[in-house]
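This report describes one protein structure, from its overall dimensions to individual residue contacts. Please consult the sequence and the three-dimensional view alongside the text.

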Amino acid sequence: MKKAEINRFGGYEVVELVEGSFPTPGEKEVVVKVSYAGVNPLDWKVRSGMMKMVTGSKFPMGLGSEASGVVSEVGNKVDRLKSGDRVVLTTGLKGGAYSEFVKVSEANCCKIPSAVSLKDAAGSYICGITALQCLTEKGKVGEGSQVLLIGASGGVGSFAVQIANLLRAEVTGVCSTPNVDYVKSLGAQKVVDYTVENPTELKERFDLVFDAVNAHSWKTIKPLLKPKGIYVNTMPDPVMFLRQALTSVFSSKKCKTYILRLDREQMSWLLDKMDSGEIRVTISKTFPLEQVANAISENEIGRTRGKIIVEIDPSSN
Ligand SMILES: NC(=O)c1ccc[n+]([C@@H]2O[C@H](COP(=O)([O-])OP(=O)(O)OC[C@H]3O[C@@H](n4cnc5c(N)ncnc54)[C@H](OP(=O)(O)O)[C@@H]3O)[C@@H](O)[C@H]2O)c1
């Protein structure tokens with residue numbers, strides 16, 4: 001059984017494809033025969049050691065945080081899933097999704113509805129949940145909210161534009177020239193090409209500025225907010241936590257950071273929206289498992305439109 005892992009932190013060269021032993025499920029776990037895995041910035045952050053405060057430095061370390069596939073074995077206390085079910089899963093910070101078989105808690109799996117392909121589902125967990133929670137729980141977006149979405153063409157941003165639309169918000173997406181038509185096609189009412197116009201100099205004021213790619217500072221975003229506006233980013237560092245605490249008490253404009261919380265019900269909601277065609281996943285590139293190091297490096301460049309997917313065993317789709 002092939003799987004991707006690292007034995008030290010570093011660049012492209014530290015990613016190894018090795019032979020592993022078949023996993024055995026614990027009581028509340030399932031083993032999934034993986035079809036596809038989604039590539040996320042978390043992969044190169046883990047690979048490089050940027051995340052070692054949370055991952056630790058114990059090697060070998062498995063890579064990959066989300067995948068789709070078919071359940072091949074279930075633990076004896078698993079009651080929601082059975083062998084043969086098509087599922088999307090997350091391995092979270094534990095990693096190990098770039099693998100022919102992966103063992104995961106039943107709680108971290110969701111059944112995939114019939115109209116959603118295993119390939120589309122593979123890239124939906126991390127970005128979909130992040131977009132949904134940043135918009136609703138952090139950003140309090142509702143009907144008529146004016147939202148500025150920075151990084152609208154990326155993994156999180158592509159979901160966020162579509163979800164904000166479903167919530168009947170008015171979305172202004174920010175991306176570069178090659179992605180302007182793409183972001184419009186996702187449903188943004190307005191698109192700002194940041195190579196032409198600096199989004200921090202816009203005249204409009206927003207209820208929410210969601211900087212999905214952490215491109216701008218709180219200082220430059222703050223003037224874009226309405227008096228009770230909210231700024232959300234996806235980079236939870238100590239400075240952001242301090243600002244979050246301070247603005248929660250001393251400012252009407254709020255600065256918030258985000259850490260993903262796994263939520264199966266929210267994931268089911270997203271899958272239903274994908275099933276009905278209200279949310280679509282754009283896959284810009286697919287790499288075979290043998291080229292997983294290239295797939296991660298491609299994402300690291302920072303120009304991914306939608307999602308990059310690693311194909312592991314497409315035979316079940
Ligand atoms: N805290 C958490 O729990 C959590 C969870 C999920 C993700 N994240 C983080 O969220 C971030 C975004 O993730 P992702 O999957 O969306 O990344 P991604 O797909 O790799 O982002 C790539 C996109 O960023 C856009 N971009 C780059 N620079 C930009 C700029 N200055 N202005 C506007 N857009 C820009 C690019 O568009 P152009 O080519 O048009 O520039 C590209 O489409 C990552 O740092 C990730 O680690 C955090």
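What percentage of the 317 residues of the protein chain count as buried?

## Basis and overall dimensions

The share of the 317 residues that count as buried is 53%; here, buried means under 20% relative accessible area, exposed means over 50%, and partly exposed lies in between, with a 1.4 Å probe and protein chains only. The model is a predicted one, in which local features need pLDDT of at least 70 and side-chain atom pairs count only at pLDDT 80 or more, while totals for chains, interfaces and linings use all residues. Residues are numbered from 1 along each chain as its sequence is written, and side-chain values use heavy atoms, with hydrogens and water left out.

Along the principal axes, the C-alpha atoms fill a box of roughly 55 × 40 × 40 Å. The chain exposes about 14000 Å², of which carbon and sulfur atoms supply 53%; accessible areas come from the Shrake-Rupley method with a 1.4 Å probe, and for residues only the protein chains shown count as cover.

## Secondary structure and contact range

The protein chain contains 10 helices and 16 strands. Helices (H or I, at least four residues) and strands (E, at least two) are DSSP runs, numbered from the N terminus. Among contacts between residues at least 6 apart in sequence, 69% join residues at least 24 apart, where contact means heavy atoms within 4.5 Å.

## The six-stranded sheet

Six strands form an open sheet in the order E11-E10-E9-E12-E13-E14, with parallel pairing. Two strands pair if DSSP finds at least two bridges between them. Strand E11 (190-193) and strand E14 (254-256) stand at the edges; each has a single partner strand, so one side of each is left without a neighbour in the sheet. From one strand to the next, the twist averages 15°. Axes are lines fitted to C-alpha atoms, for helices over the stretch in contact, and angles run from 0 to 180 degrees between N-to-C directions.

Strand E13 (residues 225-233) runs parallel to E14 and is joined to it by three bridges. Val 232 has Lys 256 in E14 as its bridge partner. Helix H8 (residues 238-250) packs on the sheet and touches E13 and E14, its direction making about 150° with that of E14.

## Salt bridges

The whole structure holds 16 salt bridges, each defined as a side-chain nitrogen of Lys or Arg within 4 Å of a carboxyl oxygen of Asp or Glu. One of them pairs Lys 77 with Glu 27, the closest N and O atoms being 3.6 Å apart. Lys 77 lies in the loop between strand E5 (66-74) and strand E6 (86-90), and Glu 27 in the loop between strand E2 (15-19) and strand E3 (29-38), so the pair ties together parts that are 50 residues apart in sequence. Lys 77 is partly exposed at 48% relative accessible area, and Glu 27 is partly exposed at 44%.

Glu 29 forms a salt bridge with Lys 103, with closest N and O atoms 3.8 Å apart. Glu 29 is in strand E3 and Lys 103 in strand E7 (residues 101-105), so this pair ties together parts that are 74 residues apart in sequence. In another salt bridge, between Lys 285 and Glu 298, the closest N and O atoms are 2.8 Å apart. Lys 285 belongs to strand E15 (residues 283-288) and Glu 298 to helix H10 (residues 292-300), so the parts tied together are 13 residues apart in sequence. Salt bridges that share partners also join Lys 82, Asp 85 and Lys 111 into one network.

Ile 129 is found in helix H4 (residues 125-138) and is buried, with a relative accessible area of 0%. Not counting residues up to four places away in sequence, its contacts include Tyr 258, Leu 260, Met 267 and Leu 270.

Ser 176 is placed in the loop between strand E10 (170-175) and helix H6 (180-186). Ser 176 is buried, with a relative accessible area of 11%. Leaving aside neighbours within four places in sequence, Ser 176 is in contact with Asp 193, Tyr 194 and Thr 195.
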